[in-house]
Amino acid sequence: MPRPRLDDPDTLPFWAACREHRLVVQQCANCGTYRFAPVPLCYRCRSWDTDWVESAGRGRVYTWTVTHRVIQPATASARPYNTAVIELDDCGGALITSNVLDIDNDRLRPDLAVEVIWDEVAEDLTLPRFRPVAESDRKKANNAH
Ligand SMILES: [Zn+2]
């Protein structure tokens, strides 16, 4: 797969956190708006002051698509695969685009509870992906907070 740029100052903290298995999201230090993907300024108040906050990595499927055609030669053997938008439970419901693994694509549904898992792509690149969470596990996790 084509690799993301790992030397961009706006996304560097995100990739560094991924290598530590921490999912981080930007939060505007001025107005508190959460945002993902990382960008240099707040699209609500135009402030350049940014904090990085850690998400617990749980969320729900907001929407998804399943790719059947070869769009990128590197994905030919992975078809059909899903690309999903996950609405995080914390971090203001920030939306993160990823994939849901460990599920048949036909079983994806809106609001499916998912949690982050870490895909060690290379020594310098770890990607956040997601997998379904059993509803019973989810209740236990919520009660722990
Ligand atoms: Zn702002």
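Predicted model: local features only at pLDDT ≥ 70, side-chain atom pairs only at ≥ 80, totals over all residues.

Student: Where does D102 sit, and what is its phi?

Tutor: D102 is found in the loop between β6 (95-98) and β7 (113-122). Its phi is near 60 degrees, which is a positive value in a residue other than glycine.

Student: Which other non-glycine residue has a positive phi, and where is it?

Tutor: H21 has a positive phi of about 60 degrees although it is not a glycine, and it belongs to the loop between α1 (12-19) and β1 (23-28).

Student: Is H21 buried, exposed or partly exposed?

Tutor: H21 is partly exposed, with a relative accessible area of 39%.

Student: What about the overall dimensions?

Tutor: Along the principal axes, the C-alpha atoms fill a box of roughly 40 × 40 × 30 Å. The radius of gyration is 16 Å, which agrees with the value near 15 Å that a compact globule of 145 residues would have.

Student: And how much of it is buried?

Tutor: Of the 145 residues, 37% count as buried. The protein exposes about 8,700 Å², and carbon and sulfur atoms supply 48% of that area.

Student: What does F14 touch, beyond its neighbours in sequence?

Tutor: Leaving aside neighbours within four places in sequence, F14 is in contact with L23, V24, F36, P38, W52 and P128. For P38, the C-alpha atoms of the two residues are 7.7 Å apart in space, although F14 and P38 are 24 residues apart in sequence.

Student: F36 is in that list. What kind of peptide bond joins it to A37?

Tutor: The bond between F36 and A37 is a cis peptide bond, with omega of about 5 degrees, and A37 is placed in the loop between β2 and β3.

Student: Where is the cis bond that involves a proline?

Tutor: A cis peptide bond joins R79 and P80, with omega of about -10 degrees. P80 lies in the loop between β4 (58-67) and β5 (81-88).

Student: Changing topic to charge: how are the positive and negative groups placed on average?

Tutor: There are 18 positive and 21 negative charges in the protein, and their mean positions are 5 Å apart.

Student: I was looking at two arginines, R46 and R129. Which is buried and which is exposed?

Tutor: R46 is exposed, with a relative accessible area of 57%, whereas R129 is buried, at 19%, because buried means under 20%.

Student: What polar partner does the side chain of R129 have?

Tutor: The side chain of R129 makes a polar contact with the side chain of D119, at 2.7 Å. R129 itself lies in strand β8 (residues 125-132), and, apart from neighbours within four places in sequence, its contacts are S98, N99, L101, E115, V116, I117 and D119.

Student: E115 is one of those contacts. How far is V133 from E115?

Tutor: V133 and E115 are 6.2 Å apart in space, C-alpha to C-alpha, and 18 residues apart in sequence. V133 is in the loop between β8 and α2 (135-143), and it counts as buried at 9% relative accessibility.

Student: And back to R46: where is it, and how far from A76?

Tutor: R46 is in the loop between β2 (34-35) and β3 (50-55), and its C-alpha atom is separated by 40 Å from that of A76, which is 30 residues away along the chain.

Key. Residues numbered from 1 in each chain as written. Heavy atoms only, no water. Rg over C-alpha atoms; globule rule 2.2 N^0.38 Å. Buried < 20%, exposed > 50% of the residue type's maximum accessible area, 1.4 Å probe, protein only. Areas by Shrake-Rupley, 256 points an atom, 1.4 Å probe, with all protein chains shown as cover. Lys, Arg positive; Asp, Glu negative; His and termini not counted. Charge placed at Lys NZ, Arg CZ, Asp CG, Glu CD. Helix = DSSP H or I, 4+ residues; strand = E, 2+ residues; numbered from the N terminus. Polar contact = N/O pair within 3.5 Å; in protein donor to acceptor, adjacent residues only side chain to side chain. Contact = heavy atoms within 4.5 Å.
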